Amino acid sequence: PFIKKQTKLKTRNYCSFLNVSLYSVQNEDTEQQIIRETFHLVSKRDENVCNFLEGGLLIGGLDYKLIYRHYATLYFVFCVDSSESELGILDLIQVFVETLDKCFENVCELDLIFHVDKVHHILAEMVMGGMVLETNMNEIITQVDAQNKMEKSEAGIAGAPARAVSAVKNMNLPEMPKNINIGDISIKVPNLPSFK
Amino acid sequence: MALKIVKGSIDRMFDKNLQDLVRGIRNHKEDEAKYISTCIDEIKQELKQDNIAVKANAVCKLTYLQMLGYDVSWAAFNIVEVMSSSKFTYKRIGYLAASQCFHESTDVIMLTTNQIRKDLSSPNQYDTGVALTGLSCFVTPDLARDLANDIMTLMSHTKPYIRKKAVLIMYKVFLKYPESLRPAFPRLKEKLEDPDPGVQSAAVNVICELARRNPKNYLSLAPLFFKLMTSSTNNWVLIKIIKLFGALTPLEPRLGKKLIEPLTNLIHSTSAMSLLYECVNTVIAGQYWESVGNLCVQKLRILIEDSDQNLKYLGLLAMSKILKTHPKSVQSHKDLILQCLDDKDESIRLRALDLLYGMVSKKNLMEIVKKLMLHVDKAEGTTYRDELLTKIIDICSQSNYQYITNFEWYISILVELTRLEGTRHGHLIASQMLDVAIRVKAIRAFAVAQMATLLDNAHLLTGNTQRNGICEVLYAAAWICGEFSEHLENPMQTLEAMLRPKVATLPGHIQAVYVQNAAKLFATVLKGEEGNTDGTAAQEASQLMIDRLPLFVQSANLEVQERASCILQLVKYIQKLQQKDVEVAEEVNALFAGELNPVAPKAQKKVPVPEGLDLDAWINEPPSESESEDEQPKAIFAKEEPKHSRPRHTEVDEKELARRREARKQEQANNPFYIKASPSSQKVYQEAPGVEHIPVVQIDLNVPLKVPGLPMSDQYVKMEEERRQKERAEKKKKEKKKRKEKRSGRGKKHDSAPESEEDITPAHMVDIVTEEMPENALPSDDDERDPTDPHKALDIDLDKPLADSEKLPVRSHRAAESQKSPTDGETENATLQEPKKKSSKEKREKKKDKERDRKVYDIQGNLQDGSQVVVSVIFENKCNSFLKSMEFNVLDSLNSKLQRPEGSGPHDGLVVPFQLPPGVSNEARFVFTVQSIVMPQKLKGTLTFIVKNEDDSTHEKLDFKLHFTCTSYLITTPCYSDAFAKLLESGDLKSSSIRLEGVNMPFHHLLARICFHHHFSVVERIDSCASMYSRSIQGHHVCLLVKTTVSIDAKCDEPTLLGNVLDEIKQTFSQC
C-alpha cells in the first residue's frame, strides 16, 4: 500500500514528501536523493509517454512504481507497490488535484508553495500512513472545511489582527499576482475512463 | 484577559510565519544557506518562549525546512510540546511535524504514548483524527503494543470518520505488533459489512493487504468477499477484492470455478479500464485459463494497440504474467511485441524486453538477439543500453543455455558486447565467458582463441580505464587463457601480452589474476618446449618473466604483490635449473594440475551435518545468568535472597544435552507465540547423484574453428542457417531412402512439414557440466523467505479459536454482560456475579444468545486531575428491538461518586445521549470522582431503558457492577533508568514481593502482559530481569523488578496500593 507523495515544481526545488514507513531508518539525505532522482527521471520524460516508471533500487525495488501526472509546471508523483491499481492511482492524483483546486479556489503553483501545510492536511484526508483512505472528493472537502472552520473559531478575535497583517503583507507582494492561475489544471486526460 | 491575548497576538504578528519564510527563501536565492541558518536561529529563540502559539509557528516553519532536507531532529521535544497543546490548530501542526520528522529511532516517541492515548479518546473527532493520521506515520512496536487496544475500541466509534481511520491504522499496528492480529481480527471482519462505504473500503484495504502476504490464512473469508464482489458498486473496493482473489485462487481451485462467471461478466460489462485490467490479472493468476484465457488475451491485445501509452504499458505488463503460465498464448503475438521494442517510450520498451525473455526458442533465438544487438547500437541512454545487455545475457543463458544451439555464436556475441563503452556490466559478461568456457568443454579451444585476441587488444578496452567497467572481461580472458592454455596456438605471444607494462594500470584484482595465469602460461610454454633439444624458447620465456614481474612486485595491491614476488622467486629458481639443463616442465606443471569445476551457489548450505554433531550445543556453557543479575539489582532490592551461584562450567553429558533439547522443543511446540519452522527444514535426506559421472562427450565440429580476428556474430547466423538447411536436406535424403524402402508400405509425404523445434539439432553436441554439489547434499529448492520481512510475523492462523493466553493486548477491560428479558430476570444477578469475579479478563468475544445488551467498559484515570476517573462504556444492542431513553445510574459510595450535572440530586441517573437501533453499538463516557485510590472497589449500578417493539414498548432495567481495580488508577508513565535508580535509592518506598506460580510463557510476553493489563512501562531490561515503572493518578510511584524466575519484587510509597496492585497482577496470571 505504501504510497509516497511528492509534489514538484519545475521552478524551484520545492518538494514535499509524505512520511514513508518503507525505510525504517531514513535520513534526510536519502530522502533528498530520492526526490532529486525522481525529479530528474520524471522531468525528462516526454509529454506523450506512459505515466509509469519502474522502480529502481532507490525507491525500494521492483515491486514499486512511480506513477505521476503532469499539470502545467507541476508534477504529482506517487510511489506505490503492486497492491495498488495503476490506473486507480492515476485517478487518485486527479482527485487530489481537483480537491486542491476546490480548496484553494483555482489552485496555482504559488498556493502550493506558500501553503505546504494545507496541502499536507488535505492529503492526510486522502492517504494515511501510505494507504488510500478516502477517494470521494466531496467527503474530503467536507472534512477539510470542517477542520478549517475549527481552526478559525479557535483563533477567534485573537486571530483577526494576524490575518489583517498577513493580508497587508500579501498586498505588497509583487510575486503573488492573481493571473498565474493555471487555467488548464483540471483538464481530464481524455483516454482515462472515469473511474467512479 | 481577552485584551491581553489580543495584545500578545499583536506582538506576535510581526513574527515570521511560514509564508514569510518561504518568501524569504525565494528572495535569497544567492545566499540561501546563510538565510536559512539565520532563520533557524530565530526559530530556536521562538522555541524557548512559553507562548504555545509562538512555538507552534516555529514548529510549522521547521516542518518546511525538514522538507527542504535540513535536519530538525533537535527540535523533537518541542514538537511533542506542540502536539500536546489543547488547541486543535496547534495540535495539528505538531502532529504534522511529528509525522514528517519522527522515525523509529526518535527517542522522544516514548514520551508521546499518553498524549496520543488522550487524543484518541478526545471528544473532538478531529483531535482523534489528527492523532491517528500522525500515529500512522511514526508508530513503533512500543506504541503499537500500548495503543492497540485503544485503537481497537475506536473501530466501533460512532463517527464513520474515526472508524475508517482506526480500521486503516490497524494494519500498521499489526505490522509492528503481530500479537494484536488475532484478537483484533473478529472486529476487523465485522467492519467489512459496515454501513459506511468509507469504513468498508478501509477494512477491505487492510484485509487485502494482509492476505496478499499470507493468503492461505484468509481463505475462509472468500464467501464474504464473493458476496461483496457481486454486490458492491465501488470500483476501489472491487479492484481490491479482485486483487485479493488473484492471491487466493492459486490456493483453492474450486474458488476459481466459482469466479469465472462474475469475472467474465465484469470483463464484458465494465467501462472502467482499471477494473477490466484487474479482472484480467486475476484470471491470469487463476486456474481457469481454458475458458476465459482467449478473451483475456484479446482484451490485452486491444490495450496494447491502444494509442494511450498507459494502457499499452499495462497490457504488456499483464502479458508478461501470462507468459509465465501460458507461454504459447503470448508467443502468437510476437509481432506486436517486437513492434513495441521500437516504441519511443522507455518504460514500454523495457516491458517488451521482459516479454522477449520468455518468447525465445531454439529456432528464433539468433534472430531475436540479432535484433536486440541492433538496438544496442542505436540506444542512447546508458541505462537502457545496460538493460538491453543484461536482457541479452539473460535470454541466452536462461534454463542452463537451453536455447543456444551454437556456442561459438554466443561467445562471439559476448565478445561483441565488450565493445560497448561505459557499460556497468563488465562483470556480467566476464562471468558468462567464464561459465561457458568452464562448462562447455567443446567450446574451450574456440573460447581460448577469442580470449587471446581480446588480451592482445586489451588497449582497446581500457581506453579510459578506471570508470570503465568493461575491463572486468579481461579478468575472464586472462583466467581462461591461463587455465586452458593447452588450447593456445601461440602461448608465448599471449604470455607477452599479459605482461605488458600497461597491465599495471588495471584494477588490483585483475592484475592478480594476470600474474597467476602468466605463471600457468609459463608452465605451458615450458611443457611445449620440453622435447626440443634447443632450449632457447623456454629460456626466453623465463627471461621474459624475470624482466617483467618486478613491475608487479612493486604493486600497491597486496594480492598482486604477494603472488608476483612468489612467482618471481620460483621462476628465478627454474632459470637456474634450466641453465643446468634439468628438465623442470613436469614439476612446474604439477603446480597447476587438476581441474576446477564450478560449485553450485547453494553447495555450502547443503552439506549435511555429520552424525553426532549438534550445532546448537554449547561448546562452553555460557556464563550463568546469576552473575549479571547479582550485582546490580541486589543493591536496589535489599530483600533479595542470596543466590547460589552456579559453577561456571558445568559438565554436561550427552544425555543431559539431549534432554534439554527435547525440553526446548516441547516448550516451543506448546508455545503459541513461537513461530514454527517451515516444514521444508524438516525435509528428509536424499541421496543426490554424485558428481563423479559428469558426462563429457568429445565431438568433431563441423564449423571451422579458426576465425581470424574478432568474428562477427552475424556470420554465425548465416552459417547456422546453412547448417540447418544442410541437415534438413540430409534428413530428407534419409527419409527418402526410408521411403524408398518402405514405398510399398506407406505413401505419405513428410518433406513439406515445417521445421519444428525438435528438429533443430545443436551444432555442438554440448554437454553442460553441472555445478558441483557436496556429497549427500540435501535436495531442497525452496528459497527461504527474507527473515527481515515484517509480514512473516503476520503469518498467523486466524481461524483457530482465540486462546485465553492470546487475548493480551487489552487493558483493564471488563465486559459487563447481562441480559434481562423479564423471564430470566431472576437468574440474571447470579449469572452476572460469576463473570465479574474473574473479570480481569477480556470477555468481549464471548457472546450469549439471549443477551439483549452488553457493555464493555474501560476505566481510565485522568492525569490532569488526581481524583477523576473516566469510565467509557460501549453499549451494544444485541436484540431485535429498538432501545431508547437509556439512563445510567450508580450507587455512590463514600469514596467514589459519579459526577452529575449541577443541580441534580445525588441519586439521579445520567441520560445516555443516544439511542440504540438493533445491532448497533455506541460509546458513552462517565466521570467519577474518587478520593482514595489505594483500595479497589466495586460500584453497583443500573441501566434503565425502554425497549421499543413494533406495537408496544416496555421499560426494563439492567443491573451491573463496575469494578475499579487499583490498576485502573495507574497510568503508564515512561521513566528513565537514572531517575528510576534515584527513586529507589531515596528510601521513601516500602517494598513487598510475590511469586507467580505456574506461569510458563516467554519473558517478554510476561512483560508485555504486565504492561498491558497493569499500565506499567519497562524501564530497563537486563537479561533475566526487568525493572518496570508506573504512577498512580495521585502521584504514587510503583516500581517493579520482574525476574525470569517469575518472582516480582516491588516498591511503592503506599503499601496498601502496592499490595492490591500485586494481588491484581497475580490474578491476571492465575487465569492464563
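B:Lys240 counts as buried, at 7% relative accessibility, where buried denotes under 20% relative accessible area, exposed over 50% and partly exposed in between (1.4 Å probe, protein chains only). The model is predicted, so that local features require pLDDT of at least 70 and side-chain atom pairs count only at pLDDT 80 or more, whereas totals for chains, interfaces and linings use all residues. Residues are numbered from 1 along each chain as its sequence is written, chains are lettered from A in the order in which they are written, and side-chain values use heavy atoms, with hydrogens and water left out.

The side chain of B:Lys240 forms a salt bridge with that of A:Glu84 (3.4 Å, N to O); the criterion is a side-chain nitrogen of Lys or Arg within 4 Å of a carboxyl oxygen of Asp or Glu. This pair crosses between chains, from helix α14 (residues 235–248) of chain B to the loop between β4 (74–80) and α2 (86–104) of chain A. Helices (H or I, at least four residues) and strands (E, at least two) are DSSP runs, numbered from the N terminus. A:Glu84 is likewise classed as buried, with 1% relative accessibility.

Over all chains, the structure holds 32 salt bridges. Within chain B, B:Asp20 pairs with B:Arg23 at 3.0 Å between the closest N and O atoms. Both residues belong to helix α2 (residues 18–27) of chain B and lie three residues apart, about one turn of the helix. B:Asp20 is buried at 12% relative accessible area, and B:Arg23 is buried at 11%. A further salt bridge joins the side chains of B:Glu193 and B:Lys227 (2.9 Å, N to O). It links distant parts of the chain, 34 residues apart: B:Glu193 lies in the loop between α11 (181–190) and α12 (197–213), and B:Lys227 in helix α13 (residues 222–231) of chain B. B:Glu193 is partly exposed, at 45% relative accessibility.

Chain A comprises five helices and six strands, arranged from the N terminus as β-α-β-β-β-α-α-α-β-β-α. Of its 196 residues, 57% count as buried.

In chain B, residues of α15(B), namely B:Leu263, B:Leu266 and B:Ile267, meet B:Leu275, B:Leu276, B:Cys279, B:Val280, B:Thr282 and B:Val283 of α16(B), contact being defined as heavy atoms within 4.5 Å.
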